[in-house]
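Dear colleague,

Please find the structure below, followed by a summary of what was found in it.

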Amino acid sequence: MNIGIIGAGAIGSWLASKLVALGHTVSIANSRGPASLKQLAENIGATPATVEEVTQNKKVIIVAIPQKSIPDLPKNIFKNLPDDVVVIDTGNYYPTLRDGIIPALIQGGIDSLWVQEQLGIPIVKIFNSIVIESLESKGQPKGAKNRVALAVSGDDTAAKEVVFKLVNEIGFDSFDIGTIAQSWKQQPGSTIYCRDITLEELKKRVDAMGTAWSDMRNVIITKRNADELLMKTDYPAYLKSLQD
């Protein structure tokens, strides 16, 4: 497939490298322009591009940038995409660690629902709830014992089917947790966030959260806030806490 990636941080760069290795054609962009990505692109076999170019003639577009940068994306780049283009959001909202106060997110609290509203198109949320070290090391063939599972959410069933296939290629199981309005289940602070757990365990934890954001909002946001503080003061301790 022809895939475009917006964002060249840890997740965007790793996905670009992995997807190229799997035989996909990949273009990658960041806010500093193609020249800043020349060496990275050469190393992994991707094509450096502008943000506008990276969204053209693609089957899949992956948005892998901080939440605070979403409003800075050119507003017109997603308007005229064909209906079958799959747009993936890998982001998480960290108000004190990185993103600052975004009033609409403080009020609503569902990260990717806000992203979908900002971009004006249906999106699929995936790759937000796994740390880069696990992406690099935990992938296994389909059917492998203790294969790690990743949560997927989105409003477009056909788009999610494309994502399921990509996730399987990369080496992980997928679990559809519902619409983008249900994506709070995979946000920072949830019981499945960045846990390297099997499909069976992921299903169990998702079921335990129920379906009402109003019931879980305070629990998840309180945990996210505590985790942000721990990440700032003792990141190894935070990583250890993800083993529960």
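Ile 3 stands opposite Val 60 in strand β4, and this contact belongs to the pairing of strand β1 (residues 2-6) with β4, which run parallel and are joined by four bridges. Strands pair here if DSSP finds at least two bridges between them; strands (E, at least two residues) and helices (H or I, at least four) are DSSP runs, numbered from the N terminus.

The model is predicted: local features need pLDDT of at least 70, side-chain atom pairs count only at pLDDT 80 or more, and totals for chains, interfaces and linings use all residues. Residues are numbered from 1 along each chain as its sequence is written, and side-chain values use heavy atoms, leaving out hydrogens and water.

β4 also pairs with strand β5 (residues 86-89), in the parallel sense and over four bridges. There, Val 87 of β5 is the bridge partner of Ile 61. Both faces of β4 (residues 60-63) are covered, with Val 60 and Ile 62 buried on one side and Ile 61 and Val 63 buried on the other. Buried means under 20% relative accessible area, exposed over 50%, and partly exposed in between (1.4 Å probe, protein chains only).

Glu 133 lies in helix α6 (residues 132-137). Because its relative accessibility is 41%, Glu 133 counts as partly exposed.
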